[in-house]
Amino acid sequence: YQNFEVIYIDDGSTDNTVNVLKKLIQNHNNFKLFEKNHGGPGSARNFGINKSNGEWVSFIDSDDTWHPLKLLKINTSILENTSRNFIVHWEKFIKLNGEVKILKHGRDIKNKKLFLKRLYSGNFLSTSAVVLKKKLLLDYGIFDEQLPNAQDYDLWLKLAPHMSLFTLEEVLGEYNETKDSITLRPYYKRIISELKIAFRYKNYHSLYLIKIFKILFSKRWLR
């Protein structure tokens, strides 16, 4: 499958990343590189969204990988499910210690209220495993760059009322755990972000106070 564009966003790197990428893309017309001042993952993704030309958008973080046939299989899913505007596939989660786990993202929930409630209760989507219509982002919003953490989860909740989700039950990527990804930096910023999100979408679930309690007293902060 060749009908795609690759957009690299260098978010203010200080190593040799840009030079490596320039050599990589010089013979590929559909590969593009943009440099910007550091603004964080949400800022970089929004920049890429605005520079994209395709009808559909997908993301891949620097420590993740895709299956070589991912785009082909995603395109097939798009053609077979024309009423859907959001696709997620499964991922292989590779931990630092070598342990492998299959992350079965997505839920087959037809009832919209139940869908919102389940997504609010816990995130079942992954940034490097979603593909969505660009129009969905343009119509209802992009990543909130003011949130220091959980910008992706905030976006899924923002789009959820307008989302028609299709789950491709196949492993088409890998999420690689790194020392950076398991370091909760800093705790209070993550807590503040999650509390803001919980309050922002509290109308999705009548028991939102339970979610706030779980955020405040989560064992994650003790790791």
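Biologist: Among contacts in the chain between residues at least 6 apart in sequence, what percentage join residues at least 24 apart? And for the part I have in mind, at roughly what angle do the axes of helix α7 and helix α8 cross?

Modeller: This is a predicted model, in which local features need pLDDT of at least 70 and side-chain atom pairs count only at pLDDT 80 or more, while totals for chains, interfaces and linings use all residues. Residues are numbered from 1 along each chain as its sequence is written, and side-chain values use heavy atoms, with hydrogens and water left out.

To take the chain first, 73% of the contacts (heavy atoms within 4.5 Å) between residues at least 6 apart in sequence join residues at least 24 apart. The chain holds eight helices and eight strands, taken as DSSP runs numbered from the N terminus, with H or I over at least four residues for helices and E over at least two for strands. Its radius of gyration is 18 Å, which agrees with the value near 17 Å that a compact globule of 223 residues would have; this radius is taken over C-alpha atoms, and the globule rule is 2.2 Å times the number of residues to the power 0.38.

As for your pair, two packed helices are described by the angle between their axes and the distance between the axes. Helix α7 (residues 187-200) and helix α8 (residues 208-216) have axes that come within 10 Å and cross at roughly 175°, where axes are lines fitted to C-alpha atoms over the stretch in contact and angles run from 0 to 180 degrees between N-to-C directions. The two helices are therefore roughly antiparallel to each other, a label for angles over 145 degrees, with under 35 counted as roughly parallel, 65 to 115 as roughly perpendicular and the rest as oblique. From α7, Ile 191, Glu 194, Leu 195 and Ala 198 take part in the contact, and from α8, Lys 211, Ile 212, Ile 215 and Leu 216. These contact residues divide into six nonpolar, no polar and two charged, with Ala, Val, Leu, Ile, Met, Phe, Trp, Tyr, Cys and Pro counted as nonpolar, Asp, Glu, Lys and Arg as charged, and the others, Gly among them, as polar.

Another pair can be set beside this one: the axes of α4 (residues 112-121) and α6 (residues 151-159) come within 10 Å and cross at roughly 170°, which makes α4 roughly antiparallel to α6. Here Leu 119, Tyr 120 and Ser 121 in α4 meet Tyr 153, Trp 156 and Leu 157 in α6, and the contact residues divide into five nonpolar, one polar and no charged.
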